[in-house]
Amino acid sequence: MTPAQMDKLGIGDDKVYGVIGEFSDPHDLVAAGRKIRGMGYTKLDAMTPFPVHGIDDAIGVPASKLGWIVVCFTILGILTAQGLIYWVGAVNYPLVIGGKPLYDVSYSIPVTFELAVLFSAFAAFLGMWAINGLPRLYHPSMVYKNSHRASDDRFLLVIEADDPMFEPAKSADHMRTVGAAEVEVVEG
Amino acid sequence: MSEAVRQHPALMEVNPPLIRAKDYHDLTEQISEITEGDVFKTPLKYWITLAITGSITVLLGGMLTFLVWNGIGVWGNNRPVGWAWDITNFVFWIGIGHAGTLISAILFLFRQKWRTSINRSAEAMTLFAVMCAGIFPLFHTGRPWRAYWLFPIPNTDLNIWQNFRSPLIWDVFAVSTYFTVSLLFWFTGLVPDLATLRDRAVTRTKQVVFGLLSLGWRGSARHWRNYEMSYLILAAISTPLVLSVHSIVSFDFATSVIPGWHTTIFPPYFVAGAIFSGFACVMTLLIIARWALNLNNIITMKHLENMNKIILVTGSVVGYAYATEFFIAWYSGNTYERYAFLNRALGPYWWAYWTMVTCNVISPQFFWFKKLRTSIPVMFVLSITTNIGMWFERFVIIVTSLHRDFLPSSWGYFKPTWVDICTFIGTIGLFLTLFLLFARFLPMIAISEVKGVLSYEKGAFKDQEVVAK
Amino acid sequence: MSDHHAIHAETYQMEAARWQAGRNTLAFVALASILACLAGYFLDAPRFFHSYLVAFAFTTFIGIGAFFFVMVQFLTGSAWSVTMRRIMENIMITIPVGLILFIPIVLGIKEIYPWTNPEVVAASESLRAKSAYLSENFFILRGVIYFALWSLWAVAIYRQSTKQDTEKSIQQMHVASRWSAPGLFLAVVVGSLASFDWLMSLMPTWYSTIFGLVTLAGGSLSFFSIVTLVCLGFRRAGILKDAITDEHYHDLGKWLFALTAFYTYVAFSQYMLIWYANIPEETEWYRHRMEGGWFAISIAMPFLRFLIPFFVLLCRAAKRSKTIIALIAVWSLVVEYIDLYWVVMPTYYKDGPQFHWLDLATLAATVSICGLVFWSRFQKHKMVPVGDLRLEQSLHFENA
């Protein structure tokens with residue numbers, strides 16, 4: 001019984017994370033990723049020191065949904081600012097200053113703009129970490145002997161263990177056939 | 001690009017490769033070794049510089065303590081010049097910060113690849129400059145421990161609210177938003193590089209510190225996709241933000257009825273001035289850092305030249321604004337408007353006005369010549385004169401407009417006190433100290449972004465065999 | 001060009017038949033509208049001159065926008081836009097026609113500008129103070145100088161670009177950049193002065209330092225709208241289909257978006273500062289536009305100029321949709337016209353806008369005359385700068 005099957009049945013102590021293949025050139029990584037995906041794998045990932053152009057299409061990374069989250073928060077920021085300025089100036093503490101109306105669109109725009117930006121920035125920042133499931137202290141990929149070079153000059157391709165086609169030995173072979181310099185079944 | 005360059009080698013002259021590194025690992029080494037070196041083996045010149053700037057920072061602390069102890073009277077602000085050095089310095093520092101955001105956000109949106117070598121330090125500079133700027137209004141309140149009254153927090157001790165009709169409260173929102181967003185943007189850019197440092201760390205302390213700061217970043221393709229989206233959004237919102245901040249600062253003046261303050265071109269004029277002074281400041285710091293930390297391979301002459309071109313453009317925009325203001329003051333046919341501008345140029349503060357014009361409008365014109373634009377000593381001197389000129393610009397706007405207003409019997413002449421001067425010098429010390437600490441302990445160059453450019457250029461210049469050394 | 005037999009997409013030369021059809025249509029429109037304008041002049045001269053000023057400002061500032069952005073491309077060494085640069089240059093080269101289009105303004109100066117009336121000037125202290133500047137002869141002289149300077153630069157840069165078609169050397173790029181750097185000043189500084197002269201002095205006591213930037217921003221937005229529409233029109237006819245790709249349209253969309261935002265920024269700055277300071281001689285200008293029928297246009301402006309185009313273009317998919325950017329381009333041009341109308345006409349109709357057939361006739365006249373110049377270039381020169389070394393790069397350009 002392969003570790004993956006054991007894993008599915010819930011037996012065995014070792015949980016397999018997947019097969020990692022190592023490349024030293026981003027173009028090779030993209031080409032290899034495309035081939036691996038062509039074999040029918042769906043749960044693929046890559047670990048690279050910088051965002052590699054074309055990898056998203058090659059291994060099927062879904063488009064980011066962050067934009068929608070940010071738009072919602074931008075609108076929330078606009079509403080908050082307008083509500084605040086109106087309520088403070090015209091409802092809770094109405095006071096005529098400099099002959100200006102208690103509420104007017106003209107002078108509410110600077111603060112509204114700033115709050116819209118502030119809310120959007122927090123959404124873009126926190127939203128990104130939330131979607132990515134970070135921060136986290138441990139990840140199984142860290143077990144791989146060269147994982148520290150994925151932030152330097154190595155480009156890692158991963159076939160994850162929860163891929164329906166995943167079988168450690170066979171997947172490792174597949175990884176070798178697409179040109180990975182180093183291949184390892186990683187248990188974490 | 002690759003095709004174009006292969007067919008027309010002449011293009012190399014126009015777009016030479018930006019980065020000189022053998023491979024990705026070489027690049028990582030070049031940048032990380034500055035941060036990773038043994039603290040006790042840092043060159044002595046670094047510690048000496050830090051000691052000097054550190055003592056100036058202590059001076060700042062002393063001045064602020066003295067100010068709080070005695071009250072705002074120790075500054076020279078008085079009728080008719082109620083806003084003087086403090087707000088001049090505030091606007092000056094905020095302006096310095098703007099180049100950082102411009103380099104990281106606007107040049108990113110314009111796909112200017114050369115920005116990657118300088119954006120990190122420029123962003124850090126933004127943060128430090130905004131900190132210096134914040135000190136002045138904060139302490140001008142007289143009781144900085146009550147500064148939270150500036151924010152619309154329901155309070156029981158006063159039971160009043162902020163006046164949203166006042167441009168000063170817009171400033172509170174603009175500057176605090178600016179600082180927060182710049183911090184988020186800067187940190188977002190820093191995370192992949194912190195992960196690089198974590199992975200290279202040899203001591204336990206560094207592993208733990210960088211491990212925590214890098215938030216478990218592992219460079220997963222899925223993460224990169226969201227990360228790039230987040231970065232793009234932050235860049236896209238920072239771009240109007242940076243315009244808005246200095247526009248709102250300009251509203252502090254332009255919403256008034258004071259001749260010389262009330263003019264509709266102020267918002268874009270202030271923004272251009274801010275970018276101008278900010279680029280000059282980045283220039284000064286980069287020339288020093290490039291020399292002290294041997295970054296010639298990463299911050300190349302091409303980078304410096306591009307920045308000089310931006311200094312030339314923004315300097316000229318500022319010149320355009322001066323000319324328009326002057327012309328419209330005359331064109332208005334309004335006695336007070338006309339007088340305010342004549343008084344600037346020929347009145348008691350003529351020396352400040354002409355310093356401003358010389359430094360801001362005339363001196364950048366030297367950058368028309370390629371020879372001067374690519375000469376390190378020339379650009380160093382001009383970057384400093386630009387900063388002097390831009391400080392004087394704010395001084396001219398603020399002081400000359402206030403010291404003689406509609407009523408000749410209330411005219412006066414402002415002189416700074418020693419506390420004014422020392423506080424300003426102190427903020428320069430704080431700024432430099434923070435920058436030195438940053439340059440030594442954090443990656444000053446965005447490693448992952450520079451690698452992206454290197455990867456692109458490797459494809460582009462394959463045939464030219466342009467490699468390091 | 002002499003390869004008459006090879007009507008292949010890659011010659012980048014417009015087919016003669018197609019070119020003639022275009023020229024004939026434009027010439028017909030020009031002729032008809034000029035006749036209509038002449039009729040209008042005899043029927044209602046003041047009305048004709050005011051309508052004409054709107055149309056004149058509309059086309060002139062589009063030309064200045066083209067002038068500015070062509071020079072920016074040379075200076076920044078922009079690669080993505082090379083395939084569209086000739087279209088932009090052909091819009092730029094309509095500037096010299098302005099010398100002729102300026103003649104009706106000269107003829108109508110007394111009808112259009114209140115400061116030509118000595119009684120008005122004598123009654124106002126501030127007008128007396130600037131009578132040296134706002135005088136008829138000086139005004140005309142300035143107009144001629146503006147056009148002469150712009151034309152000199154535009155022709156010089158255009159020549160370098162077309163010379164490169166045959167020389168295929170990097171030299172022309174350098175020369176064009178050398179002209180472009182001071183040329184930017186000419187576009188912005190002289191462009192601002194022109195806007196002060198032609199539009200701001202309609203209310204001679206009023207002044208605003210940002211007015212030049214507002215006008216130039218409007219002209220630039222219209223310029224990008226025209227470029228978008230011309231490219232899409234060509235695409236429909238099967239011209240330059242492979243040269244101007246989806247990626248280029250995406251970038252045009254971004255420019256429409258950015259200039260919409262920039263226009264709003266400067267226009268809002270002007271409004272807000274004048275509203276806030278509430279100084280009588282400044283608020284007067286907006287006051288006129290807040291009364292009667294003008295109020296409706298004033299209140300619609302934020303929606304027309306900003307909210308609608310901005311939020312439509314905000315989404316990436318919208319900027320990549322040719323239908324949407326075509327709609328926004330048409331929208332921006334219509335709104336630019338309404339905007340200029342709103343700047344010019346309140347001095348003539350105090351109570352509100354009254355549309356007149358002369359508005360259409362004058363607009364058709366200036367647009368078709370500039371259009372003829374624009375079109376005539378396609379016969380003489382290639383439709384893309386084939387000698388530009390970055391053409392390949394532009395053809396394969398992709399938005400990252």
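C:S33 lies in helix α1 (residues 16–43) of chain C, where helices are DSSP runs of H or I with at least four residues and strands are runs of E with at least two, numbered from the N terminus. This is a predicted model, in which local features need pLDDT of at least 70, side-chain atom pairs count only at pLDDT 80 or more, and totals for chains, interfaces and linings use all residues. Residues are numbered from 1 along each chain as its sequence is written, chains are lettered from A and ligands numbered from 1 in the order in which they are written, and side-chain values use heavy atoms, with hydrogens and water left out.

- C:S33 counts as buried because its relative accessibility is 6%; buried means under 20% relative accessible area, exposed over 50%, and partly exposed in between (1.4 Å probe, protein chains only).
- Beyond its neighbours within four places in sequence, C:S33 is in contact with C:A361, C:A364, C:A365 and C:S368, contact being heavy atoms within 4.5 Å.
- The backbone nitrogen of C:A365 is reached by the side chain of C:S33 at 3.4 Å.
- C:G387 sits in the loop between α17 (357–380) and α18 (391–395) of chain C, and with 3% relative accessibility C:G387 is buried.
- Not counting residues up to four places away in sequence, C:G387 touches C:Q164, C:D165 and C:K168.
- C:G387 and C:M345 are 42 residues apart along the chain, and their C-alpha atoms are separated by 46 Å.

**The sheet of chain A**

- Four strands form an open sheet in chain A, in the order β2-β3-β1-β4 with antiparallel pairing; two strands pair if DSSP finds at least two bridges between them.
- β2 (44–47) and β4 (182–187) of chain A are at the edges with a single partner strand each, so one side of each has no neighbour in the sheet.
- Strand β1 (residues 16–23) of chain A pairs with β4(A) in the antiparallel sense over six bridges, and A:G21 stands opposite A:V183 in β4(A).

**Where chains C and A meet**

- Six residues from chain C and seven residues from chain A take part in the contact.
- About 630 Å² is buried between chain C and chain A, with 79% given by carbon and sulfur atoms; buried area is the accessible area (1.4 Å probe) that two parts lose on being put together, summed over both.
- In chain C, the residues losing the most area to chain A are C:F268, C:W275 and C:Y276, together 65% of what that side buries.

Methods:
Polar contact = N/O pair within 3.5 Å; in protein donor to acceptor, adjacent residues only side chain to side chain.
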